[in-house]
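Good morning, and thank you for the time. I would like to take the group through one model, beginning with a question on a pair of aromatic residues.

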Amino acid sequence: MQNWVNAFSWLNVRFLLMGLWVTIYISVISVILSFIIGSILGIIRYSKIKYVSAIVGFVIDIIRNIPLLLIIFFTYFGLPNFGLRPETIPAAIIAMTVFESCMIAEIVRSGIQSVSIGQMEGARSTGMSFVQALWHVVLPQAYKNMIPTIISQFVSLIKDTSLATIIVVPEMMQHAQVIYGQNANYILPMFAALAVLYFAVCFTLSIVGSVIGKHLS
């Protein structure tokens, strides 16, 4: 019991919360960027633009089937070979964004396809262009259907930030490792704290998603 008390000293708790802030920062930036880029890629793939859609789909399929850990590793250790030297946090954001954008792209494409083709045909019959019909009629319905899946994917992204510890990003997992690296008796308390913090963040996001879904319905 004394080990648990000592593990949660104010100094350790503050250090862990600093890691939580970095985790949230990386997650928020990655979520925003991946949502925007993923939506664009998903629309391009759905639109079946000659050659472009096929190339985009090919790249998406490749990235979706590569472990995120390897993408993080390549971003930090591989990009310097091409003249780019991102710091640890930007490297983690880039890797997360690239990977999650491809995941979101497939969700968006499937979401658009789930909308009845009659919606697009009806909008086009009123004189709307393909882009106008997509933007004003199809996408609003598609995004409403996609909310649970997108939220689930973003929850996975938050948990995946722990993989960034491989490049020593000062996020929650890495800070926990520093703490229990000083005393092996702190391993269990730190992992318990990580479980609670990850649950709190992910559960909060799930609730927000549910509220948004109910509001839109």
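In which helix do W21 and Y25 both lie, and how many residues apart are they? Both lie in helix α2 (residues 10-47), 4 residues apart, about one turn of the helix. An α-helix has 3.6 residues a turn, so residues three or four places apart point the same way.

Let me state the conventions. This is a predicted model, in which local features need pLDDT of at least 70 and side-chain atom pairs count only at pLDDT 80 or more, while totals for chains, interfaces and linings use all residues. Residues are numbered from 1 along each chain as its sequence is written, and side-chain values use heavy atoms, with hydrogens and water left out.

Now the overall picture. The protein has 9 helices and 0 strands, where helices (H or I, at least four residues) and strands (E, at least two) are DSSP runs numbered from the N terminus. Its C-alpha trace spans about 75 × 45 × 20 Å along the principal axes. Of the 217 residues, 41% count as buried; buried means under 20% relative accessible area, exposed over 50%, and partly exposed in between, with a 1.4 Å probe and protein chains only.

I return to the aromatic residues. The structure holds 7 aromatic pairs, counted when ring centres of Phe, Tyr or Trp (its six-membered ring) lie within 6.5 Å; planes under 30 degrees apart are stacked, over 60 edge-to-face, and the rest tilted. W4 and F8 form a tilted pair, 6.2 Å centre to centre with 45 degrees between the planes. W4 is partly exposed at a relative accessible area of 33%, and F8 is partly exposed at 34%. W21 and Y25 form a tilted pair as well, at 6.5 Å and 40 degrees. W21 counts as exposed at 58% relative accessibility, whereas Y25, at 39%, counts as partly exposed. Elsewhere, F73, Y76 and F77 form one aromatic cluster.

Next, helix α7 (residues 130-160). What does this helix span between its end C-alpha atoms? The span is only 37 Å, whereas a straight helix of 31 residues would span 45 Å at 1.5 Å a residue; the expected span is 1.5 Å times one less than the number of residues. A kink of about 55 degrees lies at M146, shortly before the proline P148. The bend at a residue is the angle between axes fitted to the seven residues ending there and the seven starting there.

Finally, helix α8 (residues 172-182) has buried residues including M172, H175 and Y180.
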